[in-house]
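Let's take a friendly walk through this structure, one part at a time. Please keep the sequence and the 3D view at hand as you read.

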Amino acid sequence: GSDPLWLFGDQLGPHFHGTTGNRDREVLLIRSAAAFARRPFHRQKIHLVEAGIRRLAAELGDRARIVDAPTYTAGLRRFGRPVVVHEPGSHAAEALVRRLQQEGLVTEVLPTPGFVRSKVDFASWAKDRRRFVMEDFYRDQRRRFGVLLEPDGGPADGKWNFDHDNRRPPPGRSTLPVPAPWFPVEDDVDEQVRADLDKAERDGEIQPVGVDGPRRFAVGQVEAEEALDRFLDHRLATFGPHQDAMLSADWAMSHALLSVPLNLGLLDPLDVVRRAEERYLSGAAPLASVEGFVRQILGWREWIWHLYWHLGPDYLKRNELQAHRKLPRWWRELDADSVEAACLRTALAGVRDRGYAHHIERLMVLGNHALQRGYDPAELTGWFATAFVDGFPWVMPANVIGMSQYADGGIVGTKPYAAGGAYLNRMSDHCGGCVYDPKKRVGDKACPFTAGYWAFLDRNADRLRGNPRMRQPLNGLGRLADLPDVVARESRRNRF
Ligand code: FAD
């Protein structure tokens, strides 16, 4: 018969194990003790991956075998038969698979169905390209896979991108008036996982951060489908307009909360996209929302994945702005209660309590703060990868090194995402109840984001001067009479 299929912990769905070529293969799942040791993963993240593996094993019944081992290689040796694998999701795992192939433990490496576009196909798109931007890639994806197109091949309703409709400030209320997201009901798998992780924690095998449970994201096929259906039927229609807004009492807003099942490989991304498109075609959801969502999955998620391979492992060492400050302890330990700035406290509390913050909290609060304070980009990348439930190696570099920290000097983004309190005040309801005043840059009430913004520009003025998009902000620096005070104070500041 055919060789068994070895699945990594982020390859758990039927588009991996249920295809015609794989359907008759036995499935091997290796639980490596090394995977979560040594680094401070969020407790809920470990839980999700563990529960995901156990669910799949239960779904597959006799077809599946779980092997516990100190490392993957040891697990394969223990299993004792050569296997086939799908392309894994990190440089390290890719190198491992290549080694195992040389040793004869892996007989074949299949392409990954975890992303819509293949690596070969991306390489031919990227070759000789002068403009290397997400928007061009995204349009190519739409054309290639025939998503949201008119019969003449143009974009639905004549427009590729409805982004400017999707940047509204929050409405004047404490929560978005949208149906609640899907949440799981925990069962005995969760109970088992929890007991095992409690023990591993007591025995010092793992040193997790963050609070434990309740589990909030989908694992297993049934849950992943339920979560997707709930989003498509009840929340997709309102996905667009307030995507960039923040409300202190509404952590989920109208976000999809699908990054976990997507990144665990439970949902087929093209299927997700097609089903979203159907909602537009049937009139159930407006184009601006559907296009916005499709852009996230078919555009951004794919772009970030391919950039990971395209930019290579050395990209993680980029540090264009020479940021070398260590992450402070309160940040690493997710000690949100010690933070006074309401936006920062709320975002960090989200990470502590759920291992989740939505995109704008990641980019414009957590990332923005780190950028302004000059936190080391590589250390920050490690933090995002371990503290977030949806963090995996491939998703970090372009998002953290590139988009959020500008540590690549402008490959992923065209300018640093640094913003002061005025932006945060416009896009959130945090500032009203905050001890700091977004308009103040000096004195006790100086907003750390407003003052931090000017201190950041001052520190990096020479490095940013060549960027035309920074000309105006840098000119603003020269008009601040109190700049020396701001810079002196912010360089000493360690309470936010
Ligand atoms: P929604 O806002 O509802 O978006 C829908 C889906 O689009 C997401 O589920 C995700 O699969 C996809 N998506 C959108 N943007 C991106 C992107 N930039 N990169 C990858 N996928 C994207 N995403 C992760 O999946 N894992 C991470 O560890 C992660 N870290 C991030 C760190 C920083 C500093 C930034 C700026 C972004 C990060 N993102 C990450 C991207 C994005 O913030 C999350 O995908 C999103 O917040 C997940 O929540 P959601 O499912 O409710 O997403």
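This is a predicted model: local features need pLDDT of at least 70, side-chain atom pairs count only at pLDDT 80 or more; totals for chains, interfaces and linings use all residues.

Leu148 has a phi near 55 degrees, which is a positive value in a residue other than glycine. Another loop to visit runs between helix 7 (188–202) and helix 8 (221–235), and Pro214 lies there. The peptide bond that joins Gly213 and Pro214 is cis, with an omega of about -5 degrees.

Now step back to the whole chain. The domain assignment divides it into domain 1 (5–110), domain 2 (119–182 + 218–311) and domain 3 (317–492).

Five strands form an open sheet in the order 3-2-1-4-5, with parallel pairing. Strand 3 and strand 5 (106–110) stand at the edges and have a single partner strand each, so one side of each is left without a neighbour in the sheet. From one strand to the next, the twist averages 30 degrees. As a general point, strands of a sheet pair through backbone hydrogen bonds, either parallel or antiparallel.

Take strand 2 (residues 27–32) and strand 3 (residues 64–69), which pair in the parallel sense over six bridges. Helix 3 (residues 72–79) lies across strand 2, strand 3 and strand 4, and runs at about 125 degrees to strand 3. Over at strand 5, the parallel pairing with strand 4 (residues 83–86) has four bridges. Here Val83 stands opposite Val106 in strand 5.

Let's move on to domain 2 and domain 3, whose C-alpha centres lie 26 Å apart. Their contact takes 18 residues from domain 2 and 21 residues from domain 3. On the domain 2 side, helix 9 (259–263) and helix 11 (287–311) are the elements that give two or more residues. Helix 11 gives the most to that side, with five residues. By class, the side of domain 2 that touches domain 3 has 13 nonpolar, four polar and one charged residues.

Where does the ligand lie in relation to domain 2 and domain 3? Both domains give residues to the shell around the ligand, so it lies between them. Of the 26 residues around the ligand, those that come nearest are His255, Ala256, Ser259, Gln296 and Gly391. Helix 9, helix 11, helix 14 (359–373) and helix 16 (396–404) each supply at least two residues of this shell. Helix 11 again has a leading part, as it gives the most to the shell, with five residues. The residues of the shell divide into 13 nonpolar, 10 polar and three charged.

Methods. Residues are numbered from 1 along each chain as its sequence is written. Domain bounds come from an automatic or database domain assignment. Two residues are in contact if their C-beta atoms, placed from the backbone, lie within 7 Å. Ala, Val, Leu, Ile, Met, Phe, Trp, Tyr, Cys and Pro count as nonpolar, Asp, Glu, Lys and Arg as charged, and the others, Gly among them, as polar. Two strands pair if DSSP finds at least two bridges between them. A residue is near a molecule or strand if its C-beta atom, placed from the backbone, lies within 6 Å of it. Axes are lines fitted to C-alpha atoms, for helices over the stretch in contact, and angles run from 0 to 180 degrees between N-to-C directions.
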